[in-house]
Amino acid sequence: MEGKLVRLRAFEKSDLDSIMKWINDEEVTDFLAGGMLTYPVSSIAEEKFIEAAVKSSDTDKSFVIETLAEHKYLGGTAFHAINWLNRSAGLGITIGDKSFWGRGYGTDAMRVMMRLGFDKMNLHRLWLHVHDYNQRAIASYEKCGFKREGVLREDRFYRGRYHDTIVMGILESEYRATA
Ligand SMILES: CC(C)(COP(=O)(O)OP(=O)(O)OC[C@H]1O[C@@H](n2cnc3c(N)ncnc32)[C@H](O)[C@@H]1OP(=O)(O)O)[C@@H](O)C(=O)NCCC(=O)NCCS
C-alpha cells in the first residue's frame, strides 16, 4: 500500500542487514514503547523476527516501510494485539534510519496504516503507547488525528528517572471525519 512518500510491504529475508543497522542504536530504541529493545539484539533473533513477521497471524501484522521513490528500507510498522471482537488494534512504528526523521515519512506511513486498519480491515479503534519524552512521535500522531486518552504514570524508566506513558487512540468515526 502506498502513501505520498512511502510504501508498506511485507518483510523479506533481505531486510536483515537494513534492520541490523538500527536495531542496536539506542538513539532509536530508547523511544520504543515499553523499552522493548533494551537489550542487545543478535542477527539470529532478528532472523526469527522476520520469519514470525511473514507468517500469517490473526493478532499481529507487520510491514516494512520503504520510500516510494527509491524503494529504500526505512523501518517497520505493525498492528499488534488485534482484537477482532472489539475491532481494535495496537499500533507500533519505527523509522530506523535517523536521517529520515522529521521529514514526514513517519506521518505518511501512519496514514497508510490508518487506511489499512479502517478501510480494509474494518477496525473500529487504533491505539498506541508513547513516552512523554518522545515529542516528535506525539506531534506526528496528533497530526494524524490521534487523541490523548490517558496517562500511565511513571510507567517508563529512562535515563535515571521515571516517565509517563501516554495512551493515544483514534476511532473510525474520527478517521472518517478527517480522511
Ligand atoms: C516517531 C516517528 C515514527 C515519526 O516519524 P517522522 O517521520 O520522524 O515524523 P514526521 O516528520 O512525519 O512528523 C514529526 C512532526 O513532529 C515535529 N517535531 C519534531 N521534533 C519535535 C519535537 N522535539 N517536539 C515537537 N514536535 C517535534 C515535526 O516538526 C513534525 O511536525 P511538522 O510536520 O508539523 O513539522 C519517527 O521519528 C521514529 O521512528 N522515531 C524513532 C522511533 C519512535 O519514536 N517510534 C515511535 C514509538 S511510540
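The turns below take up the ligand, the strands, and then single residues.

Reply: First the ground rules. This is a predicted model, where local features need pLDDT of at least 70, side-chain atom pairs count only at pLDDT 80 or more, and totals for chains, interfaces and linings use all residues. Residues are numbered from 1 along each chain as its sequence is written, and side-chain values use heavy atoms, with hydrogens and water left out.

Me: What makes a residue part of the shell around the ligand, and which come nearest?

Reply: A residue is near a molecule if one of its heavy atoms lies within 4 Å of it. There are 23 residues around the ligand. Ile95, Gly106, Thr107, Asn134 and Lys143 come nearest.

Me: How much of the ligand does the protein bury?

Reply: Taken alone, the ligand exposes 950 Å², and the protein buries 72% of that. Accessible areas come from the Shrake-Rupley method with a 1.4 Å probe; for residues, only the protein chains shown count as cover.

Me: Which elements give two or more residues to the shell?

Reply: They are β4 (88–95), α4 (105–120), β5 (125–131) and α5 (135–143). The largest share, 7 residues, comes from α5. The names follow DSSP runs, numbered from the N terminus: helices are H or I with at least four residues, strands are E with at least two.

Me: How does the shell around the ligand divide by class?

Reply: It has 11 nonpolar, 9 polar and 3 charged residues. Ala, Val, Leu, Ile, Met, Phe, Trp, Tyr, Cys and Pro count as nonpolar; Asp, Glu, Lys and Arg count as charged; the others, Gly among them, count as polar.

Me: Why is β5 called largely enclosed?

Reply: Buried means under 20% relative accessible area, exposed over 50%, and partly exposed in between (1.4 Å probe, protein chains only). In β5, 5 of the 7 residues are buried, so the rest of the structure largely encloses this strand.

Me: How do you know that β4 and β5 pair?

Reply: Two strands pair if DSSP finds at least two bridges between them. β4 and β5 have 3 bridges, in the parallel sense, so they pair.

Me: What makes the β-α-β unit right-handed?

Reply: A crossover is right-handed if, with the strands pointing away from the viewer, the path from the first strand over the helix to the second runs clockwise. The unit of β4, α4 and β5 is right-handed.

Me: What joins β6 to β7?

Reply: β6 (residues 147–158) and β7 pair in the antiparallel sense over 8 bridges. Leu152 stands opposite Thr165 in β7. The hairpin has 2 residues between the strands, and Arg159 takes a positive phi near 50° there.

Me: Why is Ile19 called buried, and why is Arg87 called partly exposed?

Reply: Ile19, in helix α1 (residues 16–20), has 1% relative accessibility, so it counts as buried. Arg87 has 27%, so it falls in the partly exposed class.

Me: Where does Ser57 lie, and what does its side chain reach?

Reply: Ser57 is in the loop between α3 (43–54) and β2. Its relative accessible area is 18%, so Ser57 is buried. The side chain of Ser57 reaches the backbone nitrogen of Asp60 at 3.0 Å.

Conventions
A polar contact is a pair of N or O atoms within 3.5 Å; within protein, one must be able to donate a hydrogen and the other to accept it, and residues adjacent in sequence count only if both atoms are side-chain atoms.
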